[in-house]
Amino acid sequence: MTPLRFRWLALVGLVAGLAAWLVNWLATRNGYGTPTLPLTSLVTTAVILCITLVFGRRVLQWRNGKRDRPPDPILATRTLVLAQACAYAGALSLGWHAGIFVDQLTLLSVRSTMAPLWGSVALMVGGILMIMVGLVVENFCRLPPDDDGTGAPGDTEGEYA
């Protein structure tokens with residue numbers, strides 16, 4: 001698998017931010033509500049982060065020498081895919097809510113409540129945490145350059161477990 005690229009994460013966030021700004025601009029000017037996730041989605045985000053970290057920790061323990069039995073290659077691959085998906089979902093959430101935040105700032109003078117603004121900030125923090133956990137767990141899944149997974153020195157270039 002290829003490692004995460006910061007350019008792709010930034011592009012996903014930027015496109016989501018522009019789309020969110022446009023959708024929020026159209027929605028609020030036509031009498032609809034702000035298109036954000038509810039704050040209860042932070043609970044789901046926390047569960048996803050915990051699951052990703054638990055699976056990543058299992059791969060990290062194996063990578064750091066706890067090799068009483070070989071790792072399940074399917075579990076290691078799924079952990080890597082979960083970490084990358086977590087980072088992309090975080091970039092999407094961060095970008096979307098940043099776009100809404102920018103549009104909500106322009107409405108501050110005519111709006112009586114700041115709830116959409118603070119909700120966007122909270123969900124942006126959740127997106128940042130998802131990106132961070134995704135990058136950290138992806139790093140957990142990377143084998144050291146001299147390790148081929150068997151415990152014997154090899155000539156790999158930091159492949160995934």
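Guide: Accessible areas come from the Shrake-Rupley method with a 1.4 Å probe; for residues, only the protein chains shown count as cover. With that in hand, the protein has an accessible surface of about 9600 Å², and carbon and sulfur atoms account for 69% of that surface. Keep in mind that this is a predicted model: local features need pLDDT of at least 70, side-chain atom pairs count only at pLDDT 80 or more, and totals for chains, interfaces and linings use all residues. Residues are numbered from 1 along each chain as its sequence is written, and side-chain values use heavy atoms, leaving out hydrogens and water.

Visitor: Which residues of α1 are buried?

Guide: They are Leu9, Gly13, Ala16, Gly17, Ala20, Asn24, Ala27 and Thr28. Their cover includes α3 (73-106) and α4 (115-140). Look at Asn24 in helix α1: it counts as buried because its relative accessibility is 0%. Leaving aside residues up to four places away in sequence, Asn24 touches Arg29, Thr34, Pro35, Ile100, Asp103 and Gln104.

Visitor: How many salt bridges does a search of the whole structure find?

Guide: A salt bridge is a side-chain nitrogen of Lys or Arg within 4 Å of a carboxyl oxygen of Asp or Glu. The search turns up 1, and it pairs the side chains of Asp103 and Arg29 at 3.1 Å, N to O. Asp103 lies in helix α3 and Arg29 in helix α1, so the pair ties together parts that are 74 residues apart in sequence. Asp103 is buried, with a relative accessible area of 1%, while Arg29 is partly exposed at 38%.

Visitor: Now the aromatics. What is the count of aromatic pairs?

Guide: Rings of Phe, Tyr and Trp (its six-membered ring) pair if their centres lie within 6.5 Å; planes under 30 degrees apart count as stacked, over 60 as edge-to-face and the rest as tilted. This model has 1 such pair. In it, Trp21 and Trp25 are stacked, 6.5 Å centre to centre and with 20° between the planes.

Visitor: Where do Trp21 and Trp25 both lie?

Guide: Both sit in helix α1 (residues 6-29), 4 residues apart, about one turn of the helix. An α-helix has 3.6 residues a turn, so residues three or four places apart point the same way. Trp21 is partly exposed at 35% relative accessibility, and Trp25 is partly exposed at 36%.

Visitor: What does Trp21 touch beyond its sequence neighbours?

Guide: Setting aside residues up to four places away in sequence, Trp21 touches Gly99, Val102 and Asp103. Trp21 and Gln104 are 83 residues apart in sequence, yet 9.0 Å apart in space, C-alpha to C-alpha.

Visitor: Which residues make the nonpolar surface patch?

Guide: Patches are made of residues with over 30% relative accessible area and no salt bridge: like charges are joined within 9 Å, nonpolar side chains (Val, Leu, Ile, Met, Phe, Trp, Tyr) within 5 Å. Here Trp21, Leu22, Trp25, Leu26 and Val102 make a patch of about 450 Å². The largest share, 4 residues, comes from α1. One of the patch residues, Leu26, is partly exposed at 41% relative accessibility.

Visitor: One more, from another helix. Is Thr45 buried or exposed?

Guide: Buried, with 14% relative accessibility. Thr45 belongs to helix α2 (residues 41-63) and touches Gly126 and Met130, not counting residues up to four places away in sequence.

Terms used. Helix = DSSP H or I, 4+ residues; strand = E, 2+ residues; numbered from the N terminus. Buried < 20%, exposed > 50% of the residue type's maximum accessible area, 1.4 Å probe, protein only. Contact = heavy atoms within 4.5 Å.
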